[in-house]
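Look over the sequence and the fold before reading on.

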Amino acid sequence: MVFVFLWTTFVYDFIAYWSWSSSGWLAKLGALDYAGGTIVHISSGVAGAVFSFFLDGFKKKVSPKEGKKSNIINVFIGTALLWFGWFGFNGASGYKADVRAGYAFVNTHLAASVGGMVWVILENEPFSRIKNGNSKKWRSSSVGFCTGAVCGLVSITPGSGFVDIWSSIVFGVFGPMASYYASSAIEKKGFKDYLGVFGCHGVSGIVGSVLTGIFASKKVAGFGEINIKGGWVDGNFVQVPIQLLSTVVSFAWSGIITLIICYAINIFECMKFKLDVEDNVDHLELGEYAYNYSKINSSYDEDKGSENNHSGSSTETREESMPENSTVRNEGRFV
């Protein structure tokens, strides 16, 4: 709670004032951010990366166990809730139910839909398949679609109320594409990007901010009685440099201040994050487990255990069939 209060006060509030207040210096320069691509997503994505680095630094190798998804159903439900909520997040950012809000609504849905499909395609490594003539069966990952959809939502956020509907397809392609390759590079470097916060929100937010400078339309903004010079599509070629400046400033401010906050909090013994073993974080911090499943040693013969179970054997019979070095332990993990 201390971190949340300090971060929102010294990071989010500052960037929001610079970008959205009529007296903010970025707003006076003409930086465009309709619903918070820079203010929310870039700042939080960078903060997540800094916080992850503060906790873990760079690991030489990320074990396959760390990359396992603990609950795919929750991922799907969470994405559905996010997608629905984003209609209000983007559509209502103009504070009016007008034509511009309709543009924001449709742009949001289209970018997310395209983003989900783009991520699924990239997961199947199409360029490698074409190069090597690989005919391996294509797989459609639900988690991949959800990740791409969220990246599409993030990338369209800064421009949802500024760009024409056709251009939201471009946001839906390049935002998730950049996030996919960035996330892959981050993983190969051994950096633990928890929940893909930087890879998804940070990178797609940056792409969305730059694309807003290209596709911002005076016509769309005019539907909400807002006067802007537009982006490259309207011949305003200085808009992209302005967007880049806004992105760099938000990136740097969030990164530096977040790191200072982390070190400041860590000075006090009572507020230190004292996690030594990642597996038991729920029990260590909350005194309870997120999942109460049993872990069965990988050397346990599941088929044999299944046969024993179907033959009417008791739990004791199953345990007797396990090797001596096997253990059944409630560690609060889903493996």
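## Aromatic rings

Ring pairs link Phe14, Trp18, Trp25 and Trp253 into a cluster. Rings of Phe, Tyr and Trp (its six-membered ring) pair when their centres lie within 6.5 Å; planes under 30 degrees apart are stacked, those over 60 are edge-to-face, and the rest are tilted. The model is predicted: local features need pLDDT of at least 70, side-chain atom pairs count only at pLDDT 80 or more, and totals for chains, interfaces and linings use all residues. Residues are numbered from 1 along each chain as its sequence is written, and side-chain values use heavy atoms, with hydrogens and water left out.

The whole structure holds 17 aromatic pairs. One of them joins tryptophan 119 and tyrosine 180, edge-to-face, at 5.2 Å centre to centre with 85° between the planes. Tryptophan 119 sits in helix α5 (residues 99-123) and tyrosine 180 in helix α8 (residues 168-188), so the pair ties together parts 61 residues apart in sequence. Helices (H or I, at least four residues) are DSSP runs, numbered from the N terminus; strands (E) need at least two. Both tryptophan 119 and tyrosine 180 are buried. Buried means under 20% relative accessible area, exposed over 50%, and partly exposed in between (1.4 Å probe, protein chains only).

## Annotated spans

The unreviewed UniProt entry annotates "transmembrane region" at residues 34-58, 70-89, 101-122, 142-159, 165-182, 194-216 and 242-265. Such annotations may be inferred rather than shown by experiment; positions follow the numbering used here, and feature names are shortened.

Residues 165-182 are 83% helix and 0% strand, with end C-alpha atoms 26 Å apart. Residues 242-265 are 100% helix and 0% strand, and their end C-alpha atoms lie 34 Å apart.

## Side chains meeting the backbone

Threonine 9 lies in helix α1 (residues 2-20). A polar atom of the threonine 9 side chain lies 2.7 Å from the backbone oxygen of phenylalanine 5. Threonine 9 has a relative accessible area of 24%, so it counts as partly exposed.

Glutamine 239 lies in helix α11. The glutamine 239 side chain reaches the backbone oxygen of glycine 30 at 3.0 Å. Glutamine 239 is buried because its relative accessibility is 4%.

## A partly exposed loop residue

Where is phenylalanine 268? Phenylalanine 268 lies in the loop between α11 (239-266) and α12 (281-286). Its relative accessibility is 47%, so phenylalanine 268 counts as partly exposed.

Key: Polar contact = N/O pair within 3.5 Å; in protein donor to acceptor, adjacent residues only side chain to side chain.
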